[in-house]
Amino acid sequence: MKKILAVFTVLLAFIVATATASEIDKRQVLTLNELQRDHILTEMRALLSGTQRILEALSKEDMLAVAAHARALGMGMAHKGENHLQSVLPMEFMQLGMSVHKAFDEIAADAESRKDLRHTLRQLSESMMKCSTCHVTYQIRLTEQSNVPSGGPAAEHFHDHH
């Protein structure tokens, strides 16, 4: 189990390192206002920290905790104030996001019923690939009227630089 988690960690580090290479950024630009950007980045951070909690629970073979953490990232999370984003985000972006939330609901259900660590790790890997696809495809830029200074703390967040 520890070997699988170590391999997962190395692969995740590779994805982040590859995404931060100094090449011309050809990802699709999502132009958002400050509140929209904050909503998306807050959700991404929640997905990342929730995934970490799932991995920690897997390392302890605590499938009930896996299910609880995964369920918190499911479709219930997806419907918290996202209506204002549907008009500004591409349908493909929204569909990819919804597929991630649905996958976490499936992870939760399977963790409770199957209690199979390897199966859950495969599911989590597939979910993380969706996250990677999104980060490779899109970048967020603020609209011109934003009041966030270009060098402010929000600009240092890794989602803006990958």
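Q: What share of the contacts in the protein chain with a separation of 6 or more comes from residues 24 or more positions apart?
A: That share is 80%. Keep in mind that this is a predicted model.

Q: How many helices and strands are there?
A: The protein chain has 6 helices and 2 strands.

Q: And what pattern do they follow along the sequence?
A: Reading along the sequence gives α-β-α-α-α-α-α-β.

Q: How much of the chain is buried?
A: Of the 162 residues in the protein chain, 41% are buried.

Q: Let's talk helix packing. At what angle do α2 and α6 pack?
A: About 160 degrees. Helix α2 covers residues 34-59 and helix α6 covers residues 117-137. Their axes are 12 Å apart.

Q: Roughly parallel or roughly antiparallel, then?
A: Roughly antiparallel. The cut-off for that is an angle over 145 degrees, so α2 and α6 qualify.

Q: Is the crossing of α2 and α6 left-handed or right-handed?
A: α2 passes α6 in a left-handed crossing.

Q: Which residues meet there?
A: From α2, you have Met44, Thr51, Ile54, Leu55 and Leu58. They meet Leu117, Thr120, Leu121, Leu124, Met128 and His135 of α6.

Q: What classes of residue does that contact hold?
A: The contact of α2 with α6 has 8 nonpolar and 3 polar residues. No charged residues take part in it.

Q: Staying with α6, where does Ser127 sit, and is Ser127 buried or exposed?
A: Ser127 is in helix α6. It is buried, because its relative accessible area is 1% and the limit for buried is under 20%.

Q: What is Ser127 in contact with?
A: Leave aside its neighbours within four places in sequence, and Ser127 is in contact with Val100, Ala103, Phe104 and Ile107.

Q: Those four are spaced three or four apart. Why does that spacing matter in a helix?
A: An α-helix has 3.6 residues a turn, so residues three or four places apart point the same way. For reference, α5 runs over 91-113.

Q: New topic, cysteines. How many disulfides are there?
A: The count comes to 0 disulfides.

Q: What about looking from the Cys134 side?
A: The closest cysteine sulfur to Cys134 is in Cys131, again at 7.6 Å.

Q: Is Cys134 buried or exposed?
A: Cys134 is buried, with 12% relative accessible area.

Q: Over to α3. Which residues are buried there?
A: Met63, Ala65, Val66, Ala67 and Ala70 are buried in α3.

Q: What covers them?
A: The cover for the buried residues of α3 includes α2, α5 and α6.

Q: Now the backbone. What is phi for Glu61?
A: Glu61 has a positive phi of about 55 degrees, although it is not a glycine.

Q: Where does Glu61 lie, and is Glu61 buried or exposed?
A: Glu61 lies in the loop between α2 and α3. Glu61 counts as exposed, at 55% relative accessibility.

Q: And what is phi for Lys115?
A: Phi of Lys115 is near 55 degrees, which is positive in a residue other than glycine.

Q: Which loop holds Lys115, and is Lys115 buried or exposed?
A: Lys115 lies in the loop between α5 and α6. At 51% relative accessibility, Lys115 counts as exposed. The cut-off is over 50%.

Key:
Residues numbered from 1 in each chain as written. Predicted model: local features only at pLDDT ≥ 70, side-chain atom pairs only at ≥ 80, totals over all residues. Heavy atoms only, no water. Disulfide = S-S within 2.5 Å. Buried < 20%, exposed > 50% of the residue type's maximum accessible area, 1.4 Å probe, protein only. Axes fitted to C-alpha atoms, helices over the stretch in contact; angles between N-to-C directions. Helix = DSSP H or I, 4+ residues; strand = E, 2+ residues; numbered from the N terminus. Parallel < 35°, antiparallel > 145°, perpendicular 65-115°, else oblique. Left-handed = near helix turned anticlockwise from the far one by under 90°. Contact = heavy atoms within 4.5 Å. Nonpolar A, V, L, I, M, F, W, Y, C, P; charged D, E, K, R; others polar.
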